[in-house]
Amino acid sequence: GLHNGWRVTEVVLTTLFALDLLLQLTMAPSLRGFLRLWSTWVDVLSLLPVITLFLSGVEGIRVLRVMRLLRLLRIMRAYRLLYLTASGTIARELALLVYLVLVMILVAAGVFQLLEPDVVRAFHDGVYFVVVTITTVGYGDLSPQTWYGKLLVCAFILIAIITLPMRVNTLIDHLTLRSPYAGSFRQAKERRHVVVTGEFDQPSLREFLIEFFHSSYGDQESEVCVLGKGMPDADLRLLLEGRLGVQRCTYLQGSAMELHDLWRAGVGFCDAVFILTDQT
C-alpha cells in the first residue's frame, strides 16, 4: 500500500545519500579533513532514521526520526553552487535569511510533533504552531503541555529573537551600502544602446555625448551606458542628470576588464562599444 511505498522511497533516498557520502569520502584529500567538516556529520546523522523502518517496535527508537530533519541542511550545498550568490552580496544574504527561517520552522515543527504528540498531531500543525509562535501572535489554541515541551518553546523563542534580527540587520546593512551604480543596464523597449568606457572625465564625456546626440548628424534614438571605474564626481553627475544625459544615459560603476561588469552593461546586445582615452 501507500505505507510500503513510502518505506521503499525512504530506503532508495537513503541509499542515494549514502552513495553520495561515500563518493565524497573517496574524493576527499584526507580522511581527517573530511571528518572535520560539519556537513559530513550532518549527512551521517541524516542516514540514521532509516533504522526506524526495521526496528519500529523497539522502545525509544522513534527519536531517530527527528534526524531526518537534518537533511534540510543539505540545501546549503545546492545554495553554494549558485554562481550569482557570491559572498557578501545582497542575494546571498537574502537567501541565507530565507534558508534560516525555513530550517527553523521545519526543524522546530518536527521536534514539537515528536515531543508533544497529543498537542501537535500532524506536521502541518507543528508548522502552524511554530509560525504563530515566531511571529508572536500566539492564538493559544496549541500550547505545550509537558515541562520539556515548554522548555523547548522557550529555547526556540530565544534562538529566534537572537538569530533572525542579526540576519535582518546584516541584510539591511548590505542594502544601505549598496551603490546606486552597482546595478545592471535596463534597455528601454525598442531602443538601441551603446556602451562607453575607458579613461574619461566630465569634459571628455560631455564632448562625446554632444557629438553622439547631435541634432544634425547624431543618434537621437539610442541610449548610452557609461561604464566607469569609480563613483562619479559632482560634475559628472550634473552632466548625466542634466539636459544632455537625462533619460538617455546610465552610469554603472565597474571595469571593462571584468566579464561580469561587461554583462551588467549589456555589451552582449549593444550596437557599439566606444573606448575613450585620456587626452592628456
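Which helix gives the most to the nonpolar patch? That's α1, with 7 residues. Bear in mind that this is a predicted model, where local features need pLDDT of at least 70, side-chain atom pairs count only at pLDDT 80 or more, and totals for chains, interfaces and linings use all residues. Numbering runs from 1 along each chain as its sequence is written, and side-chain values use heavy atoms, with hydrogens and water left out.

**Nonpolar patch**
- V8, V12, L13, L16, L19, L22, L25, L31, L35 and W41 make a nonpolar surface patch of about 930 Å².
- The elements giving it two or more residues are α1 (2-27) and α2 (31-35).
- For patches, residues need over 30% relative accessible area and no salt bridge, and nonpolar side chains are joined within 5 Å.
- A salt bridge here is a side-chain Lys or Arg nitrogen within 4 Å of an Asp or Glu carboxyl oxygen.
- L25, found in helix α1, counts as partly exposed because its relative accessibility is 35% (buried is under 20%, exposed over 50%, partly exposed in between, with a 1.4 Å probe and protein chains only).

**Strands**
- β2 (residues 223-228) pairs with β3 (residues 249-253) in the parallel sense over 5 bridges; pairing takes at least two DSSP bridges.
- L227 has L252 as its bridge partner in β3.
- Helices are DSSP runs of H or I with at least four residues, and strands are E runs of at least two.

**Cysteines**
- The whole structure turns up 0 disulfides (sulfur pairs within 2.5 Å).
- C225's closest cysteine sulfur is in C270, 8.8 Å away, so it's too far for a bond.
- C225 is buried at 0% relative accessible area, and C270 is buried at 16%.

Definitions and conventions:
Patch = residues over 30% accessible without salt bridge, like charges linked within 9 Å, V, L, I, M, F, W, Y side chains within 5 Å. Areas by Shrake-Rupley, 256 points an atom, 1.4 Å probe, with all protein chains shown as cover.
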